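I open the notebook with a plan: look up how two chains meet, and then look up what surrounds a ligand.

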Amino acid sequence: MGSILIHAAEQGFAYGIAALGVFITFRILRFPDLTVDGSFVTGAAIASSLLTSMGVDPFLALAVAFGAGCVAGAVTGLLHTRLGITDLLAGVLSMIMLYSINLRIMGKPNISLLRVTTLSDVVEKALSPLGAVALLVVLAGLTFLIKLVLDAFFRTEFGLALRATGDNEAMIVSQGVNTKSMKVFGLALSNGLVAMSGALVAQYSGFADVGMGVGTIVTGLAAVIVGGSLIRSRRIGWMTASVLVGSLIYRVAVMFALRYGYLIGFQASDLKLVTSLIVIVALVIPTVRERLMRKVGSC
Amino acid sequence: MLDVQGVEKRFRSGADEVLALAGIDLHLDRGDFLTVIGSNGAGKSTLLHVICGVLLPTTGRVRLGGVDVTCAPAYRRARRISRIVQDPMKGTAPSMTVAENLALASKRRGRTLRPAISRRRRAAFVDRLSDLGVDLTTRLDDPVSTLSGGERQALAVAMATLSCPDLLLLDEHTAALDPKNAERIVELTRAFVEESGLTTIMVTHNMDQAIELGNRLAMMHKGQFVHEVRDEAKRRARVCDLVELFSRRHVADDELLLDPA
Ligand SMILES: Nc1ncnc2c1ncn2[C@@H]1O[C@H](COP(=O)(O)OP(=O)(O)OP(=O)(O)O)[C@@H](O)[C@H]1O
Ligand SMILES: [Mg+2]
């Protein structure tokens, strides 16, 4: 049980980085970005290829994946801001293009990392005294570091302008901010984080698969929404913390569902359905609550 | 300072074309304060939008300080032009705090990776707010969405004036407020403009305000300036004269409409 909880927490942090990326587009920029389903795999694909073919350092692979994700996000941003394609369609187009590109990078639909040195191997060797929690400590540390950097960034002059772009675009234009560039930047940052998360998850689970990104947007949203409903704060530090908490809770819930769900007829393949239902419920609760209040009030 | 030459603005095309600006020529010297009145749909907001770059004119040029800015994007003109709009919701970022909004307004270019709100800046914000007589100094860390419309508009005034622009555009910026708050905001505006000698265009439906403030007054009708008074003549202008002018215009239009030819 304990080791399973540790695994759930490890995943919570590894996927939490992707959730932070989704948070940036969905909450900060208010841009429903579907690129992430592709860029998550791009990160995994690049890291896996680098590890298997060139024996690159596992941490360096993360950085390269981040860069590739940034490019993918920037493409979506440019499709939207420069070519005037609607936000959803721009994301979908990037996602579909990435599917082909990811296959090109990988050369085949699935790469196994069992025979190369991954981040997990490096960490377990370097921190062997910590035993079973070594990887968890490193993943938690890395994710928390990213959270702190993001927090600091969102308090800078530039970061503040990025937040205002999502909050009131017309207003921040009249304060001299080029919101088109801001959106491109925000999408790049977001997808960079998502790709980095993909690279982590691939190394963690020992393989990269061209289909592993399906639903990244939904699991990311699940974390953002679950965390946001538990920790209601407008302070940026608490907001990013809530995303990580949401990701941890989501992964623990998934762990329980996979382990004990069979008792109620749950199968692993139902996971995406259930996750989407959770997101739907969380998204409609405010509307339903309002409608109920109105009904009660008018009677 | 500001030169608007032969500006026309058409919305849509074909049968339902709207000629919102029908040939506008306007020249403001540094320190001019122009008030603009005119009925709904006269094109006042459209003119301000063309000046600040939110809309591009169909024909004509806009020059600012001798530089042709007709095609410059709005965000770039915003480095020199401040704007306050009618809707208090539109001029501020609602989910960000008062201090964050002020920080956004205190620098219009070259935003860096330095912390936006340093201790020194906070102190400067407090000074600025109390200079303006805006009672928001204890609410620096509250989200703007928790402020009332009047408080938001006061904040908008503080934000519009924080970075010392060359030109201030006010589009009925007190229209959404109750009379008392409207008066306070007008007072704030007047004090600031007088003290800094800022070039200003103020659109208003309040004739008293239009007469009281500024050194120039213009009336717009159907996308054109139809009457302008300045300095001495403006000081002598009375509300009843303006109303008279107004109604004469409308009568003239009605006659045209009734004319079978
Ligand atoms: N985006 C638009 N598309 C089409 N027509 C528009 C648009 N914006 C303004 N117009 C039209 O242009 C004309 C001038 O509008 P404008 O908003 O400038 O008037 P205004 O003088 O500011 O009026 P008000 O006193 O009501 O604010 C109106 O006939 C309006 O219907
Ligand atoms: Mg108007």
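The entries below take the contact between the chains and then the ligand.

**Entry 1: ground rules.** I note that this is a predicted model, in which local features need pLDDT of at least 70 and side-chain atom pairs count only at pLDDT 80 or more, while totals for chains, interfaces and linings use all residues. Residues are numbered from 1 along each chain as its sequence is written, chains are lettered from A and ligands numbered from 1 in the order in which they are written, and side-chain values use heavy atoms, with hydrogens and water left out.

**Entry 2: where the chains meet.** I looked up the contact (heavy atoms within 4.5 Å) and found that chain A brings 22 residues to it and chain B brings 33 residues. The size of an interface is often given as the accessible area lost when the parts come together. I therefore noted the buried area (the accessible area, with a 1.4 Å probe, that two parts lose on being put together, summed over both), and between chain A and chain B this is about 2200 Å², with 55% given by carbon and sulfur atoms.

Entry 3: I counted 3 salt bridges between chain A and chain B, where a salt bridge is a side-chain nitrogen of Lys or Arg within 4 Å of a carboxyl oxygen of Asp or Glu. One salt bridge joins the side chains of Arg163(A) and Glu100(B), at 3.3 Å from N to O. Polar contact (a pair of N or O atoms within 3.5 Å; within protein, one must be able to donate a hydrogen and the other to accept it, and residues adjacent in sequence count only if both atoms are side-chain atoms) links 13 residue pairs between chain A and chain B, both residues at pLDDT 80 or more.

On the side of chain A that touches chain B, the elements giving two or more residues are helix H7 (157-167) and helix H8 (169-173) of chain A, and H7(A) gives the most, with 7 residues. Helices here are DSSP runs of H or I with at least four residues, and strands are runs of E with at least two, numbered from the N terminus.

**Entry 4: around ligand 1.** Which residues come nearest to ligand 1? Of the 14 residues around ligand 1 (a heavy atom within 4 Å), I list Asn40(B), Gly41(B), Lys44(B), Ser45(B) and Thr46(B) as nearest. An oxygen atom of ligand 1 lies 2.8 Å from a backbone N or O atom of Gly41(B), and the side chain of Ser45(B) has an N or O atom 2.7 Å from an oxygen atom of ligand 1. H1(B) gives the largest share of the shell around ligand 1, 3 residues.
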